[in-house]
Amino acid sequence: MSALRVAVVGLGKIAHDQHLPAIAADPNFELTAIVSRRGLTSGRVPSFATTAELYAGGPEFDAVSLCTPPEAHYAAARQALLAGKHVLLEKPPTVTVSELAALEILASETGRTLFATWHSRYNTGVARLREFLRNTTVRSLAITWKEDVRRWHPGHGGIGDIGWRFSDSGS
């Protein structure tokens with residue numbers, strides 16, 4: 001089986017710290033292109049200023065790794081799925097839950113993978129919580145965020161500024 005050809009969209013901290021090293025370390029993946037509005041590059045792969053440029057004249061690729069701010073994820077993921085590409089969404093995956101739901105439907109319709117990252121996704125505590133929630137009705141939720149947002153998300157206003165919207169559906 002040949003390596004999955006990946007284009008990384010957004011070349012900020014998470015791309016440099018996680019995505020590029022992971023792609024380079026795994027023979028199942030091949031970095032084929034970079035999209036960076038700031039003109040950043042990585043190695044000898046071609047770099048494009050926009051995803052439109054990548055799709056118009058870039059090398060062949062199978063998947064995109066979206067490392068942009070979350071406000072850009074929905075449009076870029078939709079574009080990729082419609083072009084027949086697999087999509088990895090860096091966290092948070094979208095600005096609203098409804099955007100993510102629409103992408104899930106589109107991925108299913110196009111037969112492509114849509115994967116949202118989260119560094120603790122497979123943590124044993126997450127599995128225990130999932131099992132607990134199977135038979136529990138949540139009426140309210142409070143979250144105390146202890147991550148140093150300024151360190152891990154430099155240049156962003158903070159996790160609360162990304163516009164996530166949740167509501168109780170009453171069910």
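Which residues make a nonpolar surface patch of about 630 Å²? Select Leu129, Phe132, Leu133, Val138, Leu141 and Ile143. Patch members have over 30% relative accessible area and no salt bridge (a Lys or Arg side-chain nitrogen within 4 Å of an Asp or Glu carboxyl oxygen), and nonpolar side chains (Val, Leu, Ile, Met, Phe, Trp, Tyr) are joined within 5 Å.

A word on the model: it is predicted, with local features needing pLDDT of at least 70 and side-chain atom pairs pLDDT 80 or more, while totals for chains, interfaces and linings use all residues. Numbering starts from 1 along each chain as its sequence is written, and side-chain values use heavy atoms, leaving out hydrogens and water.

Now click on Ile143, in the loop between α5 (124-134) and α6 (149-152). Ile143 counts as exposed because its relative accessibility is 64%, and the cut-off is over 50% (1.4 Å probe, protein chains only).

Next, color by secondary structure: you get 6 helices and 6 strands (DSSP runs, H or I of at least four residues and E of at least two). From the N terminus, the order is β-α-β-β-α-β-α-β-α-β-α-α.

Then pick α3 (residues 73-82) and α4 (residues 97-110), whose axes sit 10 Å apart at an angle of about 10°. That makes the pair roughly parallel, a label for angles under 35 degrees. For the contacts (heavy atoms within 4.5 Å), show Tyr74, Ala77, Arg78, Leu81 and Leu82 in α3, which meet α4 residues including Leu103 and Leu106.

Definitions and conventions
Patches are made of residues with over 30% relative accessible area and no salt bridge: like charges are joined within 9 Å, nonpolar side chains (Val, Leu, Ile, Met, Phe, Trp, Tyr) within 5 Å. Accessible areas come from the Shrake-Rupley method with a 1.4 Å probe; for residues, only the protein chains shown count as cover. Buried means under 20% relative accessible area, exposed over 50%, partly exposed in between (1.4 Å probe, protein chains only). Axes are lines fitted to C-alpha atoms, for helices over the stretch in contact, and angles run from 0 to 180 degrees between N-to-C directions. Angles under 35 degrees count as roughly parallel, over 145 as roughly antiparallel, 65 to 115 as roughly perpendicular and the rest as oblique.
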